[in-house]
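Hi there,

Here is the structure I promised to pass on to you. Have a look at it first, and then read on for my notes.

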Amino acid sequence: MRRVPRRLCAVASVAAAMASLSVSALPGAAAATAYERPPGAAPGPVSLPAIPSALAPGRPCTGASPTAAHARPWTAGALGLDRVRELSQGAGVTVGVVDTGVGVSAPALAGRVTAVADAGNDCVGHGSFAAGLIAGRGEDATGGGIAPQARILAVRGTSGTGTPSPGAVAAGIRTAVDRGARVVYVGAALTTGRQELTNAVLYATRKDAVVVAPAAPDAVATTAGGVASAPPARPYFPAFIPQVVAVEDYGQDGSRPQNAPNVFAADLAAPGDAVVGIGPKGAGNYIGSGSSLAAAFVAGTAALVRAYQPRLTAAEVANRLVTSAYPAAKPVLDPYAAVAAVSSPATARPASAAPMRMPGRTSHAARTRALVVASVGGGIVAIVACAAVIVPLGRARGWRPAGGDPV
């Protein structure tokens, strides 16, 4: 058997490695490939009950889920939780959760929740679910929150059954920053109250707090026949206010979840479909989808950045979340890049500036496929080019190693 010269083997190995890296360097493509839902499979790692965003009349409070997740959800890998936690876990940062409340007895948040008034009683469960995505303990079965050492300040922004109002949300934002929250998460997407909410957001901006909110509601309303009817894209508040980081959701394949409301404009996209999280009590898990859950991941990332680089202003943190994102039709949240990015005059933004507002998009799927095809094709071209040089040289030497005799 003839031996191939070691130098030629090394060149071929480098070419193959370059082809592999060209694919792995694409976070969007990797996430779509690694976490794509098999055809016909139920969403999520197990059959979990859905977390409600509001309670229908007569429906009892959301209790402990009887089911626990048995595998890490796709969102943990898509967000790179293990990698970013080596840099920051949000220690020392308080995140205000303006939502349905946060269950103070939830094991994943034990000892890290401070509730304003009655916000420690979460009858709906949505606020607790979002708080778990932000700061759930890292060893939780779901992979934990994105900032597992951050503290949660629970502030009610809805009625007891989960119906939000501009007045309640605006008051919640003000209360959160007055109580020391450096990041404020708002779970609601409202069609009214623009001026009232704008005043509250400007108050938070003057207090140097980052405000994050969903760019659209979580679910499309259904008709009497049970058919989803998506309304035209329109601005929702407080997300559409320039100083707010507006977030839309995407699923395992990079596209918007089925029947997701149309998005008028957003700054970032983050995981928001088949998201696994906690309930208001107990160790069981729930599953949910929507832009409000994607916004929770962004709020948690803001906490990581503020903990890692506490001298950054709120405006600089908001800018970093967007400018460090994976470039796509809608920038895709990249927690590690947001935390590790080095500040410079070129990337800094004046305190009065607003996040980059991008128009809504419908799907990442075509972009992901194109990137994967281009990357694999580039790797193949590199290998063929190397072979075009190696083969003639090998034939000319009779496939003998340098300095050796024929075998």
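Which residue forms a salt bridge with Asp-249? The partner is Arg-256, and the closest N and O atoms of the two are 2.8 Å apart. By salt bridge I mean a side-chain nitrogen of Lys or Arg within 4 Å of a carboxyl oxygen of Asp or Glu. Asp-249 is buried, at 2% relative accessibility, and Arg-256 is buried too, at 12%. Here buried stands for under 20% relative accessible area, exposed for over 50%, and partly exposed for what lies in between (1.4 Å probe, protein chains only).

Before you go further, please keep in mind that this is a predicted model, in which local features need pLDDT of at least 70 and side-chain atom pairs count only at pLDDT 80 or more, while totals for chains, interfaces and linings use all residues. Residues are numbered from 1 along each chain as its sequence is written, and side-chain values use heavy atoms, with hydrogens and water left out.

The whole structure has five salt bridges. One of them pairs Asp-208 with Arg-306, with 2.9 Å between the closest N and O atoms. Asp-208 sits in the loop between helix H7 (194-206) and strand E5 (210-214), and Arg-306 sits in helix H8 (residues 291-308), so this pair ties together parts that are 98 residues apart in sequence. Helices (H or I, at least four residues) and strands (E, at least two) are DSSP runs, numbered from the N terminus. Arg-306 is buried, with a relative accessible area of 0%, whereas Asp-208 is partly exposed at 31%.

Another salt bridge brings together the side chains of Asp-118 and Arg-156, at 3.2 Å from N to O. Asp-118 is in the loop between E2 and H5 and Arg-156 is in strand E3 (residues 151-156), so parts that are 38 residues apart in sequence are tied together. Asp-118 is partly exposed, at 47%, and Arg-156 is buried, at 18%.

**The disulfide**

There is one disulfide (a pair of cysteine sulfur atoms within 2.5 Å). The bond joins Cys-61 to Cys-123, with 1.9 Å from S to S. These two cysteines are 62 residues apart and link distant parts of the chain: Cys-61 is in the loop between helix H2 (27-34) and helix H3 (74-79), and Cys-123 is in the loop between strand E2 (113-115) and helix H5 (126-135). The link is left-handed, with -95° about the S-S bond. Cys-61 is partly exposed, at 49% relative accessibility, while Cys-123 is buried, at 13%.

Happy exploring!
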